[in-house]
Amino acid sequence: MTLRSLTVRNRLWVSPMCQYSVERRDGVPTPWHLVHLGSFARGGAGAVIAEATAVLPEGRISPQDLGLWNDEQADAFRPIIEFIHSQGAAAGVQLAHAGRKGSTFRTWSPDQGSVPVDAGGWETVAPSAVAFPGYATPQALDDAGIAGVIRAFADAARRAVTAGFDLVEVHAAHGYLLHQFLSPLSNHREDAYGGSLENRARLLLEVISAIRDAVGPGLPVLVRFSATDWVPDGWTIDETVQVSRWAADRGADLVDVSSGGNVASAPIPVGPGYQVPFATQVREQAGVPTAAVGMISDPFQAEQIVATGLADVVLAGRAFLRDPNFPLRAAAALGLDADFGPQQYHRAPITAR
Ligand SMILES: Cc1cc2nc3c(=O)[nH]c(=O)nc-3n(C[C@H](O)[C@H](O)[C@H](O)COP(=O)(O)O)c2cc1C
């Protein structure tokens, strides 16, 4: 799979997954991240995309999230990227701002909802002062705040390139800040960033342009959308198609199509490959390469998606957590010769049939 100057060895990539595992220094990767991300590269993934990584401290989901708002964080990513490269995989990072869904306890914490400011949390920001159920009410961003967000995405992308990442993904899904601007349910602004589709998409498009300027012409830029809010009056697949076209015009190379996350109570018909039709629709109607994601864990299902043109790339999350060797095992199941198993394990080839 080739995007701009990057060629990736296969089309089965690791979807970004928060680990909530930062320990002492805010946003700085630890040995956990090295082993976690490195294991997928060793197991044969084409590209490994690191978790939602905050572009500003207040853009973290939890206090334990990774960040790229300073050089210490970028430097700590280097050995992780070097290891991923040593295994023949490409390294990516998802750049994120959590907006009103920031400052929360990590998923397995006995506490839920917002972390109080006096316990390591922070005041959150959003397009409008509308709380996500169960979380603190955010402050609406003013013009200076919006400009700061755009600059922070660009600066983080620049640091990502310096650290050695091969691609960046903009997180505009799952109810986080950029999705909050896109969806009329969370964006009640009456200025140039709210109202019409053009206005709701303005921040995302300005972020993409700023990132493209920051990373230069060679580096692929992906955008993750939630294709739908899954409720009437919410963000829709047709809007996703239109904004994908505009995103491509601004220099985005591939649209990663997820769904949901902005409406706590939305009824989502989860099942194997349930988001694939959205990726296909964006691919066909916007003419942009897409990644399909969501409950794709069977090698034949994954193969069918890329072989029949339903999407260009398959991203998997939990299948990799369960088995970091998923791609090598998939290659064996499909009868393919994958020549990238670790030589150190030659006495126990994962691809043995
Ligand atoms: C532990 C965990 C953490 C996740 N963190 C992120 C994240 O940081 N960014 C994101 O866009 N999606 C995140 N997701 C969603 C996954 O990227 C993926 O879209 C979702 O799990 C569906 O794919 P799967 O069925 O292959 O796991 C996370 C999922 C899991 C299981």
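A polar contact is taken as a pair of N or O atoms within 3.5 Å; within protein, one atom must be able to donate a hydrogen and the other to accept it, and residues adjacent in sequence count only if both atoms are side-chain atoms. The structure is a predicted model, in which local features need pLDDT of at least 70 and side-chain atom pairs count only at pLDDT 80 or more, whereas totals for chains, interfaces and linings use all residues. Residues are numbered from 1 along each chain as its sequence is written, and side-chain values use heavy atoms, with hydrogens and water left out.

Asn 187 is located in the loop between helix H4 (177-182) and helix H5 (197-215); helices are DSSP runs of H or I with at least four residues, strands are runs of E with at least two, and both are numbered from the N terminus. With a relative accessibility of 4%, Asn 187 counts as buried (under 20% relative accessible area, where exposed is over 50% and partly exposed in between, for a 1.4 Å probe and protein chains only). A polar atom of the Asn 187 side chain lies 2.8 Å from the backbone oxygen of Phe 181. Leaving aside neighbours within four places in sequence, Asn 187 is in contact (heavy atoms within 4.5 Å) with Pro 127, Ser 128, Gln 180, Phe 181, Tyr 193, Gly 194 and Arg 200.

Ser 128 is also 9.7 Å from Asp 142, C-alpha to C-alpha, at a separation of 14 residues in sequence. Asp 142 belongs to the loop between strand S7 (139-140) and helix H3 (143-163) and is partly exposed, its relative accessible area being 48%.
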